[in-house]
Amino acid sequence: MTGVALPVRALSDALAAAEAGSDFLANIIRRDPDVVAELEHWLADPLALLDAVADEPPARGLRLARRRLALVVAIGDLSGRYDLTRITQTLSDFADRALDRAIRIAVAERVPGAPTDGFAAIALGKQGSRELNYSSDIDPILIFDPATLAHRERDDVDDAAVRVGRRAVELLQARDGDGYVLRVDLRLRPSPEVTPIALPVEAAIGYYESQALPWERAAFIRARSCAGDQALGASFLTAIRPFVWRRALDFGTIGEIRGISRRIRDHHAQGQAFGPGFDLKRGRGGIREVEFFAQIHQLIHGGREPALRTPATRDALAALAAAGRIDPDDARALAEAYTLFRTIEHRVQMVDDRQTHVLPKQLEALDRVARLHGVRDGAELLGLLRPHVERVGRVYDALDGDRPTQVPVAAIATADADTGRFADPAAAEARIASWRDGRYPALRSEAAREALTAVLPALIAAIGDAPDPDRALLRLDATFARLPTAINVLRLIAARPALLALLATILAHAPTLADQLGRRSDLLDGLIDASALDLPGDVPALAAEMRAGERGDDYERELDRVRKVVNEKRFALGAQILAGASDPLDVSAGYARVAEGAIDVLASAAVAAFVAVHGRVPDSELVILALGRMGGAQLTHASDLDLIYLFTGDFASESDGAKPLGAVLYYNRLAQRVSAALSVPTASGPLYEIDTRLRPSGVSGPLVVSLDGFERYQRESAWTWEHMALTRARPIFGSAAARVAVQAIIDRVLLGDRPERDVRADAAKMRADMAAHKPPSGPLDAKLLEGGLVDLEFAVHVLQLVHRTGFDPHLGRAIDALVAAGLIDGAMRDAHDFLTRLLVTARLVAPDGQPPSEATRALLARALGLDDFDAVLQRLDTVRQAVRTAWADARGDDM
């Protein structure tokens with residue numbers, strides 16, 4: 001027999017196996033003949049056994065139900081009717097109901113008729129993941145809300161909660177001739193040696209937010225509100241979710257979990273050797289290592305990927321494999337092993353209803369367990385287990401392969417850091433020494449000092465290898481100065497040494513990214529996966545990722561989550577340019593897709609929140625029109641978003657909610673909320689600057705206008721510069737029908753349904769005014785230099801409006817259309833691409849428009865596909881001359 005599950009066999013054969021192999025089950029068979037007689041009925045609905053004891057005294061009824069359930073589930077198992085999932089979920093669901101009933105009894109005994117409001121049980125461990133075994137204890141945390149818990153008038157509410165908890169545990173654990181219900185272990189609560197067994201909910205939240213230990217994060221992967229006041233339990237878990245699922249990775253936590261595993265191996269050394277007496281749970285290659293393997297990867301990736309937060313072990317392995325986070329073959333092997341181990345563990349526990357996980361040492365007892373499983377003897381059972389134990393051990397041990405070598409804290413004063421590659425080695429050594437001495441608060445804790453020591457030699461070597469090591473060192477120093485703690489970033493570097501070179505490149509070349517890293521070190525987390533250097537997906541995929549939170553997230557939490565994703569995406573896109581992984585043109589388009597995804601998610605969230613209060617305006621909706629670089633889907637790292645807000649339908653309508661508003665006021669307030677959602681900083685940082693000055697009548701007009709008002713303004717009143725802006729307009733939010741309607745208006749206006757104006761003269765005056773009031777910042781300002789992108793845009797838009805052709809929001813494609821029509825020099829597409837690449841890259845490495853350091857000049861040339869910086873300057877000069885000619889031709893001037 002090589003499989004995990006037993007073949008389906010007759011109930012009589014399963015009963016016979018139970019009687020022969022388990023004294024515990026044989027006793028139940030003798031005591032409960034009525035249950036045996038109706039096994040088919042109870043197998044179909046085993047939890048109905050709880051209802052069958054409704055007439056018994058409550059405590060006795062629970063004990064009888066548990067005893068009978070043990071038999072029914074065992075026969076379901078031994079007959080092959082139940083698979084492992086059905087077994088563990090049935091046992092877990094019974095535990096939930098029993099605990100809930102015990103809490104209700106305990107509350108009612110103190111305050112007759114009172115509900116369980118204000119008292120909840122949080123299931124952890126195998127109960128939380130619905131994976132209980134036959135003889136599992138349960139590990140709940142008991143919490144209460146002092147404001148809502150029913151208690152006697154003279155009782156102190158804290159004392160009343162403890163009494164409820166104590167009585168519920170007593171009801172479950174008390175033994176008599178009918179057995180017991182459940183063993184209860186309350187030691188997983190915060191500081192169990194000093195805290196009461198039931199904790200005020202706010203105190204519990206405060207503990208997990210500020211004092212919790214790393215292993216507690218892993219414990220809460222499987223947490224679930226299971227009994228009592230379910231709403232209270234759910235709100236507690238929502239409050240501590242950021243503690244469990246951190247987008248900022250803490251590799252110290254991962255190391256702690258591995259440390260727990262090693263300590264378990266050491267403590268249970270006798271059960272480590274495979275053979276009779278092997279510990280199925282704690283032994284090397286056993287149940288616990290499968291669970292820890294899944295949990296470690298969930299903690300690493302689950303903060304970003306909610307789909308990985310599934311509590312059950314085999315579900316977690318499947319999700320991790322589907323997401324590409326673990327090897328699919330390993331996932332299958334671990335799941336098969338886990339199923340077999342848990343099944344044999346059940347056989348061991350069936351014998352005497354003992355909470356044991358150890359294979360019997362005596363061969364006769366081991367043979368008995370083997371026969372329960374349907375194999376010949378203990379030797380065959382061991383042969384079935386051995387390959388799975390060995391495979392799990394190898395997979396789990398491989399986790400240590402990436403662990404960095406740790407330097408003892410005592411060596412912190414003498415850790416080697418080669419400073420010979422710096423222009424002033426003595427100054428570099430002094431700066432590094434100041435880190436060791438705790439110059440900055442971020443480096444003063446013992447954990448920070450240990451993390452610094454572990455990574456310092458490799459960190460300084462990487463910075464020394466950077467093209468501009470002195471600049472990189474100064475920016476790293478500035479990063480340490482701004483961080484509240486450096487522990488996580490240092491541990492991340494230690495765990496992912498490949499990040500060192502990229503970090504050094506960022507510090508040496510990109511002040512924009514280095515400054516952001518100094519404010520939010522968790523941005524580095526986004527670079528740990530190889531996919532970080534891939535371009536982002538399409539807008540729907542990005543929006544789905546930004547929405548991938550937990551159900552029930554409030555509006556503020558959603559704003560915060562989107563900011564985290566957007567800032568990480570933008571940071572990673574900038575890093576792609578520095579690493580030479582992506583063309584700046586593609587990065588520019590990626591920035592725009594990220595922004596469009598954010599607009600889709602945040603505008604939808606703002607609309608939903610607004611509708612909840614004010615309802616909807618019938619037959620009407622908000623539409624967002626993007627212009628400028630956002631309309632053309634080519635942003636830089638620092639671009640703001642040019643938006644116009646419109647609404648469809650009758651402006652005289654009124655919303656249908658509890659607090660109705662007229663349509664105009666409704667949409668103006670809604671647009672303000674959308675703009676705030678896109679621009680107001682949260683704890684996760686800022687997002688975008690929103691510019692709405694291109695709306696009809698500019699800053700003197702309303703923030704939102706109706707579609708009819710927009711069309712009328714564009715046809716009758718708009719100035720040339722507004723029609724030039726309209727050439728880059730693109731609807732990016734609203735239903736498909738609304739977007740089509742807006743685009744139709746744009747098309748009609750651009751194709752000639754607009755006032756006759758001297759487009760060339762208007763554009764020439766506007767460009768001259770712009771040059772006078774907004775000169776270029778430096779010789780690399782690809783946007784504002786004479787012959788730069790603005791001049792090229794003006795040339796294109798004048799030709800489009802005069803000739804009423806070549807309209808496309810994307811400037812490059814618009815140039816292609818004008819070239820095809822013979823209206824502009826074919827060299828302008830290359831000019832556009834060069835200037836855009838220069839603009840996008842310079843925003844990162846030379847944001848002031850001035851030539852960067854010698855080392856960064858080489859990076860800039862590489863990003864532009866040129867040999868060196870001199871070639872960049874020569875190419876820029878040539879392009880500018882060509883653009884000046886094209887702009888002069890467009891406005892009808894002689895050069």
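Reader: Is helix α36 mostly covered or mostly open, and how many of its residues are buried?
Author: In this predicted model, helix α36 is mostly covered, with 14 of its 19 residues buried.

Reader: What end-to-end distance should α36 have, and what does the model give?
Author: At 1.5 Å a residue, the 19 residues of α36 (residues 827–845) should span 27 Å. The end C-alpha atoms of α36 are 27 Å apart, so the two values agree.

Reader: On to the sheet with β1 in it. What is its strand order?
Author: The order is β5-β3-β1-β6, in an open sheet of 4 strands with mixed pairing. Its edge strands are β5 (198–200) and β6 (224–228), each of which pairs on one side only.

Reader: How far are neighbouring strands turned against each other?
Author: On average by 35 degrees, with direction ignored.

Reader: In which sense do β3 and β5 pair, and over how many bridges?
Author: Strand β3 (residues 141–144) pairs with β5 in the parallel sense, over 3 bridges. L142 stands opposite A198 in β5.

Reader: Which strands does α9 touch?
Author: Helix α9 (residues 157–173) packs on the sheet and touches β1, β3 and β5. The direction of α9 makes about 145 degrees with that of β3.

Reader: And where does α7 lie?
Author: Helix α7 (residues 84–110) lies across β1 (119–123) and β6.

Reader: New topic: at what angle do α30 and α32 cross?
Author: The axes of α30 (residues 707–716) and α32 (residues 736–750) cross at roughly 10 degrees and come within 10 Å. The two helices are therefore roughly parallel.

Reader: Which residues make that contact?
Author: From α30, the contact uses L707, F710, E711, Q714 and R715. From α32, A741, V742, I745, R748 and V749 take part. These residues divide into 6 nonpolar, 1 polar and 3 charged.

Reader: Last topic, the backbone. What is phi at S191, and where does S191 sit?
Author: Phi of S191 is near 45 degrees, a positive value in a residue other than glycine. S191 is found in the loop between β4 (183–184) and β5.

Reader: Why does S191 count as partly exposed?
Author: Its relative accessibility is 25%, and partly exposed covers the range between under 20% for buried and over 50% for exposed.

Reader: What about phi at R804?
Author: R804 has a positive phi of about 55 degrees although it is not a glycine. R804 belongs to the loop between α34 (789–803) and α35 (811–820). With 36% relative accessibility, R804 counts as partly exposed.

Key. Residues numbered from 1 in each chain as written. Predicted model: local features only at pLDDT ≥ 70, side-chain atom pairs only at ≥ 80, totals over all residues. Heavy atoms only, no water. Axes fitted to C-alpha atoms, helices over the stretch in contact; angles between N-to-C directions. Parallel < 35°, antiparallel > 145°, perpendicular 65-115°, else oblique. Contact = heavy atoms within 4.5 Å. Nonpolar A, V, L, I, M, F, W, Y, C, P; charged D, E, K, R; others polar. Pairing = 2+ DSSP bridges. Expected span 1.5 Å × (residues − 1). Buried < 20%, exposed > 50% of the residue type's maximum accessible area, 1.4 Å probe, protein only.
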